[in-house]
Amino acid sequence: MAVNTLKTEEYFVQEEPFYHSVSDEVTVFEAAYRNHLPVLLKGPTGCGKTRFMEYMAWRLQRPLITVSCHDDLTATDLVGRYLIKGGETTWVDGPLARAVRAGAICYLDEIVEARKDTMVVIHPLADDRRVLPMEKRGELIAAEDAFCLAISYNPGYQSVLKDLKQSTRQRFVALEFDYPGPDTEAEIVARESGVAPELAARLVKFAGMTRNLKGSGLEEGASTRLLVHAGKLIAFGIDPVVACRTGIAQALTDDPEMIIAVNELSSSVF
């Protein structure tokens, strides 16, 4: 019986990603990594959590395996399964097992979206045991020394049904993310999209207006990611108001009245 394992070179971040540190998150993550402590990233969508993980993987020179969690993600999807190929039974490692064996960083994005049985799998990896139970193979895999487990979620979407239990939460070092300050965010938008600094500052001002509507018609305001999207459209020659309508307003909501309100905000800025 064959076992399909990981080619780690496919998962290294080859070039330094642009990441603007806003606090002590880089040094805290590195300290957690050196001490074999799992890390929890929490913050709104599009605020830079995934980019931060890419930057840390590059900085630490470790392969990064990212899993975007969803309602149908099971423990089997993470750990692995048996497949029959050409009459031969082959065990195929899931992304978590690959990371454990190879000493990679495994990043489970939006962990609360996954099914509850995934939590049972990560608990032994997130404490002093640092082991992965593989029930279908009757194995207990000890994590390589360089292995790191990181998870993220958006507290703004938490509910009774989708929240981290204390038994999970208290295994992790927690880093809280939020949108950067206006000057820093404008610098990021200008750098990532190619628009002039003055235009980037206007986009950030507009984003602040939409974020003030959170809970008053919008579930979330414009994220830094959406500002970069709109900025790229503007840099390509699209009118700023049109770019904000298609790149931000339509992405934020389907409510016709809220779309009109957000469009009016962008018109007042541009």
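User: Happy to start with a loop: where does R130 lie?
Analyst: This is a predicted model, in which local features need pLDDT of at least 70, side-chain atom pairs count only at pLDDT 80 or more, and totals for chains, interfaces and linings use all residues. Residues are numbered from 1 along each chain as its sequence is written, and side-chain values use heavy atoms, with hydrogens and water left out. Helices (H or I, at least four residues) and strands (E, at least two) are DSSP runs numbered from the N terminus. On that numbering, R130 lies in the loop between α5 and β7 (131-134).

User: Is R130 buried or exposed, and why?
Analyst: Phi of R130 is near 50 degrees, a positive value in a residue other than glycine. Buried means under 20% relative accessible area, exposed over 50%, and partly exposed in between (1.4 Å probe, protein chains only). R130 has 11% relative accessibility, so R130 counts as buried.

User: What is the phi of E110?
Analyst: E110 sits in the loop between β6 (105-109) and α5 (117-122). Its phi is positive although E110 is a residue other than glycine, with a value near 55 degrees.

User: Which residues is S152 in contact with, leaving aside neighbours within four places in sequence?
Analyst: S152 belongs to strand β9 (residues 148-153), and because its relative accessibility is 0%, S152 counts as buried. Contact means heavy atoms within 4.5 Å. With those neighbours left aside, the partners of S152 are L40, L41, K49, Y107, L108, D109, E110 and I111.

User: How far apart in space are S152 and I65?
Analyst: In sequence, S152 and I65 are 87 residues apart. In space, going C-alpha to C-alpha, the distance between S152 and I65 is 14 Å.

User: Let's move to helix α9. What covers its buried residues?
Analyst: Helix α9 (residues 224-235) has twelve residues and reaches 16 Å from its first C-alpha to its last, close to the 16 Å expected at 1.5 Å a residue; the expected span is 1.5 Å times one less than the number of residues. The buried residues of α9 are T224, L226, L227, V228, A230, G231 and I234. Their cover includes α7 (182-193), α8 (197-211) and α10 (240-252).

User: Which residue just after α9 takes a positive phi?
Analyst: The spot to look at comes just after α9. There, a positive phi of about 110 degrees is taken by G237.

User: How is α10 placed relative to α11, and why?
Analyst: Axes are lines fitted to C-alpha atoms, for helices over the stretch in contact, and angles run from 0 to 180 degrees between N-to-C directions. α10 and α11 pack at an angle of about 140 degrees, with their axes 10 Å apart. Angles under 35 degrees count as roughly parallel, over 145 as roughly antiparallel, 65 to 115 as roughly perpendicular and the rest as oblique. That angle therefore makes α10 to α11 oblique.

User: Which residues of α8 and α11 make their contact?
Analyst: α8 and helix α11 (residues 256-269) pack at an angle of about 145 degrees, and their axes are 10 Å apart. From α11 the contact takes V262, L265, S266, S268 and V269, and from α8 it takes R202, F206, M209 and T210.

User: To finish, what percentage of the residues in the protein chain is buried?
Analyst: The protein chain has eleven helices and ten strands, and its C-alpha trace spans about 65 × 40 × 35 Å along its principal axes. Of the 270 residues in the chain, the buried share is 46%.
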